[in-house]
Amino acid sequence: MADGESRFGNPLIVQSDRTLLLDVHAPRAEECRNALIPFAELERSPEHLHTYRITPLSLWNAASAGFSAESAINALEEFSRYDVPESVSAWIKETANKFGRLRLIPSAQEDSGLERLYLVSGSAYVHKEISANPAVKKFLTPCEYEAPEGSGIHVSEEESKFCFSLKLTDRGIIKQTLLQAGWPVKDEVPLTDGSPLEISLRERTLSGKDFKVRDYQKEAARALIGDKGPGTGFGTIVLPCGAGKTIVGMQIMSELKTNTLIVTTNISAVHQWIQELRDKTSLSPEQIAEYTGESKSIKPVTVATYQVLTWRPDKAGPYPHFSLFRENGWGLIIYDEVHMLPAPVFRVTAEIQAVRRVGLTATLVREDGCEGHVFSLVGPKRFDVPWKELERDKWIAKAECVEVRLSLPQQNQIEYATAGSRAKHRLASENPVKERIVSELVRVFSGNKILIIGQYLNQLERISQMLGAPIITGKTPTAERDRIYAEFRNGDMSVLVVSKVANFAIDLPDASMAIQVSGTFGSRQEEAQRLGRILRPKERTSRFFTLITRDTVEEDFGSNRQKFLAEQGYSYRIILYDDEHSFDELLEPLSLESGGMA
């Protein structure tokens with residue numbers, strides 16, 4: 001668009017500090033937002049202008065998935081209202097092209113009885129910079145590399161000169177350390193195949209339903225597996241809750257046909273994986289095992305929790321269950337909800353680097369800022385699809401997000417004003433007015449299957465007693481938890497109260513409404529998971545209510561959570577609560593939507 005007048009209506013302003021301002025009211029704003037998803041990160045999302053930023057990690061994730069610097073620049077130029085600053089275009093090219101300038105390749109022989117790997121670069125400058133970096137040079141030994149004939153390893157003349165060797169066991173830590181130094185490593189060391197396991201997907205499930213893997217699920221699996229050659233077979237797949245990440249994992253298993261270790265967030269999620277594997281694959285019950293605090297068996301397909309792997313008798317001692325990573329000839333490790341991967345697992349670098357591995361998640365956001373660890377140790381993002389795109393194609397439900405703002409009772413205001421910051425958050429979260437609003441919402445929208453989600457157990461127990469609804473918390477025994485989930489799925493109950501234990505990896509397909517009464521200090525990660533509880537496809541619009549105490553810290557935390565929803569293309573409707581008629585404006589759209597998803 002060379003014509004200045006024709007560009008004036010474009011939605012994007014590209015600034016020299018690499019921030020991108022998206023005018024959400026401009027024509028093509030939605031198209032532009034989808035174009036930014038592969039290579040930019042959302043930072044702020046107020047009503048009119050959303051702020052994105054291009055970061056090195058966002059570009060390297062894009063580059064690893066085949067998205068070039070030129071594609072990113074072309075997207076900016078297509079949607080930008082003004083000329084894209086030359087400095088931004090130059091920085092994108094320079095930064096994105098760092099991916100692939102360092103390659104990790106296998107050894108062709110054993111050196112002094114210890115297998116080694118080689119880190120090569122075609123640049124004398126890169127070689128010198130790394131040589132001078134004290135954080136990495138203790139792991140690296142300068143050398144020359146000569147690929148033996150017939151090895152299939154392609155090394156240029158420059159790379160053979162600018163080379164380091166390293167121990168096989170340092171494979172993960174060197175990738176992690178170099179990423180922190182601004183140099184992503186393209187890992188081309190072949191992965192082990194693992195013990196063979198015959199596994200296929202059923203065309204009709206054991207429960208009697210037709211079963212077919214969706215096209216985008218097959219595409220996600222292909223993006224990870226590639227041609228099974230060097231540089232493929234590891235990475236992260238980002239799909240919305242409700243889009244079938246478990247199916248993607250099983251599709252990968254059916255293509256690789258190898259012993260598989262699946263690690264997930266809690267025992268209920270373990271049981272759900274096992275149920276899905278039995279229902280939709282050719283595996284027999286004798287081939288699937290549970291490795292948790294309650295049962296520790298190892299079979300060709302083993303499903304474990306992060307908690308049992310990271311348990312240790314004392315803080316300074318070893319992790320006794322890390323040995324699971326080395327057992328049973330695993331050819332594939334699936335990290336369910338990889339954004340929750342505990343930091344101690346990052347230290348098991350030698351074992352997890354040699355095995356094909358996939359991280360499944362709805363969001364790469366980690367509140368601890370360790371997205372780079374996921375990139376370097378599990379693998380870069382291989383596949384992503386916008387939530388709104390799947391909503392448009394009716395693979396996930398249409399959702400409406402409603403923030404209900406309410407006042408703190410006068411008798412609590414003095415206590416709030418004099419409290420410390422943590423106490424302020426709890427007082428706002430446990431505002432007693434919320435319980436009355438929950439009761440009104442359950443009555444007004446009685447035709448829905450409703451989840452009530454919160455952080456504080458006393459509050460949730462009061463709501464459970466008030467509604468006569470069952471409650472699931474971390475203290476609920478596993479058998480009882482599974483029974484309650486099953487009754488909710490089967491339609492034997494329509495209202496369920498849950499603590500944060502239900503945030504992750506729980507499939508409640510018929511839930512059509514969620515009421516969030518309190519959360520964890522504005523976690524975007526948590527918001528993604530809670531919204532995901534109601535996104536399974538259905539014939540009605542799902543609603544996600546968040547109750548916020550106005551003029552308190554809860555408003556600030558709430559705005560942080562909204563970042564995630566805005567990034568996915570959802571808009572917030574805000575209702576200032578006065579009385580039970582405050583929800584009248586929602587009733588008319590509900591009746592119009594009853595015939596099907598918009």
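Student: Which strand does Thr305 lie in?

Tutor: Thr305 lies in strand E13, residues 301-305. Helices (H or I, at least four residues) and strands (E, at least two) are DSSP runs, numbered from the N terminus. Before we go on, a word on the model: it is predicted, so local features need pLDDT of at least 70, side-chain atom pairs count only at pLDDT 80 or more, and totals for chains, interfaces and linings use all residues. Residues are numbered from 1 along each chain as its sequence is written, and side-chain values use heavy atoms, with hydrogens and water left out.

Student: Is Thr305 buried or exposed?

Tutor: Buried means under 20% relative accessible area, exposed over 50%, and partly exposed in between (1.4 Å probe, protein chains only). Thr305 has a relative accessible area of 3%, so it is buried.

Student: Which residues is Thr305 in contact with?

Tutor: Contact means heavy atoms within 4.5 Å. Leaving aside neighbours within four places in sequence, Thr305 is in contact with Val263, Thr264, Asn266, Ile267, Val270, Tyr291 and Thr292.

Student: How many helices and strands does the protein chain have?

Tutor: There are 24 helices and 23 strands. Of the 598 residues, 56% count as buried. Among contacts between residues at least 6 apart in sequence, 73% join residues at least 24 apart.

Student: Which residues touch the most other members of the largest nonpolar core?

Tutor: The general idea is that in soluble globular proteins, nonpolar side chains tend to be buried together. A nonpolar core here is a set of buried Ala, Val, Leu, Ile, Met, Phe, Trp, Tyr and Cys residues joined through side-chain atoms within 4.5 Å. The largest one has 38 residues, and Ile237, Ile252, Met253 and Leu277 touch the most other members. Elements that each supply at least two residues of this core include helix H10 (215-225), helix H12 (267-280) and E13. Helix H11 gives the most, with six residues.

Student: What is Ile252 in contact with, leaving aside its neighbours within four places in sequence?

Tutor: Ile252 is in contact with Ala221, Leu224, Ile225, Ile237, Leu332 and Val358.

Student: How many salt bridges does a search of the whole structure find?

Tutor: A salt bridge is a side-chain nitrogen of Lys or Arg within 4 Å of a carboxyl oxygen of Asp or Glu. The search finds 22. In one of them, Asp187 pairs with Arg171, the closest N and O atoms being 3.1 Å apart. Asp187 is in strand E9 (residues 186-187) and Arg171 in helix H9 (residues 171-180), so the pair ties together parts that are 16 residues apart in sequence. Asp187 is buried, at 3% relative accessible area, and Arg171 counts as buried at 3% too.

Student: Which parts of the chain does the salt bridge of Glu554 and Lys434 link?

Tutor: The side chains of Glu554 and Lys434 meet at 2.7 Å, N to O. This pair links distant parts of the chain, with Glu554 in helix H23 (residues 553-567) and Lys434 in helix H19 (residues 433-444), 120 residues apart. Both Glu554 and Lys434 are buried.

Student: Where do the salt bridges form a network?

Tutor: Look at Arg103, Glu159, Lys186 and Glu188, which are linked in a network of salt bridges.

Student: Which residues of helix H18 are buried?

Tutor: First, the general idea: an α-helix has 3.6 residues a turn, so residues three or four places apart point the same way. In H18 (residues 421-429), the buried residues are Lys424, His425, Ala428 and Ser429. They cover an arc of only 125° around the axis, which puts them on the same side of H18. That arc is taken from the directions from the helix axis to the C-beta atoms.

Student: Why is helix H3 described as largely enclosed by the rest of the structure?

Tutor: Seven of the nine residues of H3 (residues 56-64) are buried, so the helix is largely enclosed. The buried residues are Leu57, Ser58, Leu59, Trp60, Asn61, Ala62 and Ser64. What covers them includes strand E3 (41-44), helix H5 (86-96) and H9. H3 is followed by Gly66, whose phi is positive, near 90°.
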